[in-house]
Amino acid sequence: MKKTILTGLRPTGNLHLGHYFGAGKNYLKMQNDYDFYLEIADVQALTDNFNNPEKVRKNVTEITIDLLSIGLDPKKVNFFIQSKIPEIAELTVFYSNLVTVARLERNPTVKTEIAQKKELFGNKGESITYGFLGYPVSQAADITAFDGEVVPVGEDQLPLLEQCREIVRKFNSIYGTTLKEPSAILSEVKRVKGLDGNDKMGKSLGNAIFLNDNEETIKKKIMGAVTDPNKIKKDDPANPDICMVYYYHNLVNKKENIEKICTECKKGSRGCVQCKKELVEAMNNFLKPIKEKRKYYEENPEIVKEILEKGTKKAKEKAEAQMKEVKKAMKIDY
Ligand code: TRP
């Protein structure tokens, strides 16, 4: 019996290289070995974007196409839409009794996000909604509704997983052992740096290369990427370890090219402009098969729709079965 994997993504924008190397590549390996449920977390996206439903709606399709374009196989992965599984919402209500408000406020991920919101919108603590504070509870429902045993996530999500495990233990101790405690799998590449040298590539940071960026955009972005600031002239020797161009060469170029680039850069026999042009080419080659798949799905929207419907149907069956067990344990199986 294969173990069950559950992971989720908020449909709030297209995927970028950070998502690919930090998560997607991992999914590609895992799809062969697990019973894989991939949630398009539209309800969770609405906790932040409740006043912008069009954005969430549009990105449900966009993100599904992104995930298919990187090579996830819909025969192996059940893609499903969170809002189509009401059992998750139901479980969220039940779990909300098992977690204190203070504990949610102490959750490091939530805490960071609240601090970021305050920075953005001023000190309007009261603007934090009940839904936002509670999203870790809903994420615990996401995972346990499908009996998720393994959850591939980024480091920033570990506190949410810990919160889920606490809820599971509390549930089992009160109502009898019903739920499984999930464990996290972190990817080898924890995060991908941004074009500006920031430790994290992020959409809101404006330093990302998206999987569906066109060639012109990619050229513009790479030409503006941060290099060794001490290299002024074309033939100054430089330090590739602090250069974003070299950093991305490492992700998308061939091994033999990378070694050559490194030596030449250190020697001062390679100019940054040339190096960037080569990266543009390597990046385009890397993204080419992804974009070809994207084009296929964009031209065949009914196939994308069908993939989501099929995955959602399977997810719904699994969640219904789990819900029966939960209600039995809670003595609400009337
Ligand atoms: N919170 C996750 C993120 O922002 C997305 C998510 C929703 C998720 N439900 C999940 C991740 C369940 C893992 C498991 O990236």
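Where does K331 lie? K331 is found in the segment after helix 14. The structure on display is a predicted model, and this tour begins at that residue.

**Stop 1: K331 and its backbone**

Please select K331. Its relative accessible area is 65%, so K331 is exposed, the cut-off for that class being over 50%. The backbone deserves attention as well: K331 has a positive phi of about 60 degrees, although it is not a glycine. As background, most residues other than glycine have a negative phi.

**Stop 2**

Select D147 next. D147 is in the loop between helix 8 and strand 4. Phi of D147 is also a positive value, near 60 degrees, and the residue is not a glycine.

K180 forms a salt bridge with D147, and the closest N and O atoms are 3.3 Å apart. The pair joins distant parts of the chain, 33 residues apart: K180 is in the loop between helix 9 (158-175) and strand 5 (183-186), while D147 is in the loop between helix 8 (135-144) and strand 4 (150-153). K180 has a relative accessibility of 38% and therefore counts as partly exposed. In general, side chains of opposite charge can pair when their charged atoms come close.

**Stop 3: Salt bridges of helix 14**

How many salt bridges does the structure hold? The count is 24. Two of them can be visited from helix 14.

Select K314 and D35. Their side chains meet in a salt bridge, with an N to O distance of 3.9 Å. K314 belongs to helix 14 (residues 301-329) and D35 to strand 2 (residues 35-40); the two residues are 279 residues apart, and the pair links distant parts of the chain. K314 is partly exposed, with a relative accessible area of 37%. D35 is also partly exposed, with a value of 22%.

Continue along helix 14 to K327, and select E90 with it. What is the distance between the closest N and O atoms of E90 and K327? These atoms are 2.6 Å apart, and the two residues form a salt bridge. E90 is in helix 4 (residues 86-95) and K327 is in helix 14, so that distant parts of the chain, 237 residues apart, are linked by this pair. E90 counts as partly exposed at 29% relative accessibility, and K327 is partly exposed at 25%.

**Stop 4: A network of charges**

Select E62, D66, R294 and E298 together. These residues are linked in a network of salt bridges.

Then select T61, which is found in helix 3 (residues 53-69). T61 has a relative accessible area of 36% and is partly exposed.

**Stop 5: Aromatic rings**

The model has eleven aromatic pairs. Select Y20 and F21. The ring centres of Y20 and F21 are 4.9 Å apart and the planes stand at 85 degrees; planes over 60 degrees apart count as edge-to-face, and this pair is therefore edge-to-face.

Are Y20 and F21 buried or exposed? Y20 is buried, with a relative accessible area of 11%, and F21 counts as buried at 6%.

Select Y296 and Y297 for another aromatic pair. This pair is edge-to-face, with 5.0 Å from centre to centre and 75 degrees between the planes. Y296 counts as partly exposed, at 40% relative accessibility, whereas Y297 counts as buried, at 11%.

**Stop 6**

Select P108, which is in helix 6 (residues 108-121). P108 counts as partly exposed, at 45% relative accessibility. Along the chain, P108 and Q157 are 49 residues apart, and their C-alpha atoms are separated by 9.4 Å.

**Stop 7: A positive patch**

Finally, which residues form a positive surface patch? Select K2, K75, K76 and K310, which form this patch. K2 is located in the segment before strand 1 (4-9).

Methods
Residues numbered from 1 in each chain as written. Predicted model: local features only at pLDDT ≥ 70, side-chain atom pairs only at ≥ 80, totals over all residues. Heavy atoms only, no water. Patch = residues over 30% accessible without salt bridge, like charges linked within 9 Å, V, L, I, M, F, W, Y side chains within 5 Å. Areas by Shrake-Rupley, 256 points an atom, 1.4 Å probe, with all protein chains shown as cover. Salt bridge = Lys/Arg side-chain N within 4 Å of Asp/Glu carboxyl O. Lys, Arg positive; Asp, Glu negative; His and termini not counted. Charge placed at Lys NZ, Arg CZ, Asp CG, Glu CD. Helix = DSSP H or I, 4+ residues; strand = E, 2+ residues; numbered from the N terminus. Phe/Tyr/Trp six-rings, centres within 6.5 Å; stacked < 30°, edge-to-face > 60°. Buried < 20%, exposed > 50% of the residue type's maximum accessible area, 1.4 Å probe, protein only.
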